[in-house]
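User: Hello! I am new to this structure and would like to learn how its features get their labels. Could you take me through some of them?

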Amino acid sequence: YSNLLVVGDGPGWLRAALVADWEVTDPIRWKVFFRKLEIAVLGLPLFRKEWEENTRAWKMTYLDSDTRVVRAGRTLDSEDAVVFYM
């Protein structure tokens with residue numbers, strides 16, 4: 001998948017894309033493999049980073065029709081995990 005951020009009308013003056021794929025490990029956990037990050041300003045590439053090994057563990061802690069709460073980190077240990085509210 002690609003998470004895309006666009007700032008401005010139409011194609012936007014700022015675009016950032018984080019590309020990843022994932023592997024489901026159980027109904028509420030999955031491994032996310034981040035592949036690349038690309039940033040462009042006014043259509044001109046500004047930054048590009050590719051990873052061969054950048055894996056994170058994600059765990060869905062809450063889900064309804066409007067809200068998703070996910071813990072994510074290298075291992076999901078308490079010192080490592082970050083909470084995302086979407």
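User: Why is Tyr 1 called partly exposed?

Analyst: Buried means under 20% relative accessible area, exposed means over 50%, and partly exposed is what falls in between (1.4 Å probe, protein chains only). Tyr 1 has 35%, so the label is partly exposed. Tyr 1 sits in the segment before β1 (2-7). Strands such as this are DSSP runs (E, at least two residues), numbered from the N terminus.

User: What kind of model is this, and how are residues numbered?

Analyst: This is a predicted model, in which local features need pLDDT of at least 70 and side-chain atom pairs count only at pLDDT 80 or more, while totals for chains, interfaces and linings use all residues. Residues are numbered from 1 along each chain as its sequence is written, and side-chain values use heavy atoms, with hydrogens and water left out.

User: How do you know that Arg 35 and Asp 21 form a salt bridge?

Analyst: A salt bridge is a side-chain nitrogen of Lys or Arg within 4 Å of a carboxyl oxygen of Asp or Glu. For Arg 35 and Asp 21 the closest N and O atoms are 3.0 Å apart, so the pair qualifies. Arg 35 lies in strand β3 (residues 29-41) and Asp 21 in strand β2 (residues 14-26), so the pair links distant parts of the chain, 14 residues apart. Both Arg 35 and Asp 21 have a relative accessibility of 33%, and each is partly exposed.

User: How many salt bridges does the structure hold?

Analyst: There are 5 salt bridges. One of them joins Lys 36 and Glu 38, at 3.7 Å from N to O.

User: What makes Arg 48 and Glu 38 a salt bridge, and what does the pair tie together?

Analyst: Their closest N and O atoms are 2.2 Å apart, which meets the cut-off, so this is a salt bridge. Arg 48 is in strand β4 (residues 44-50) and Glu 38 in strand β3, so the pair ties together parts 10 residues apart in sequence. Salt bridges that share partners join Lys 36, Glu 38, Arg 48 and Glu 50 into one network.

How values were computed
Helices (H or I, at least four residues) and strands (E, at least two) are DSSP runs, numbered from the N terminus.
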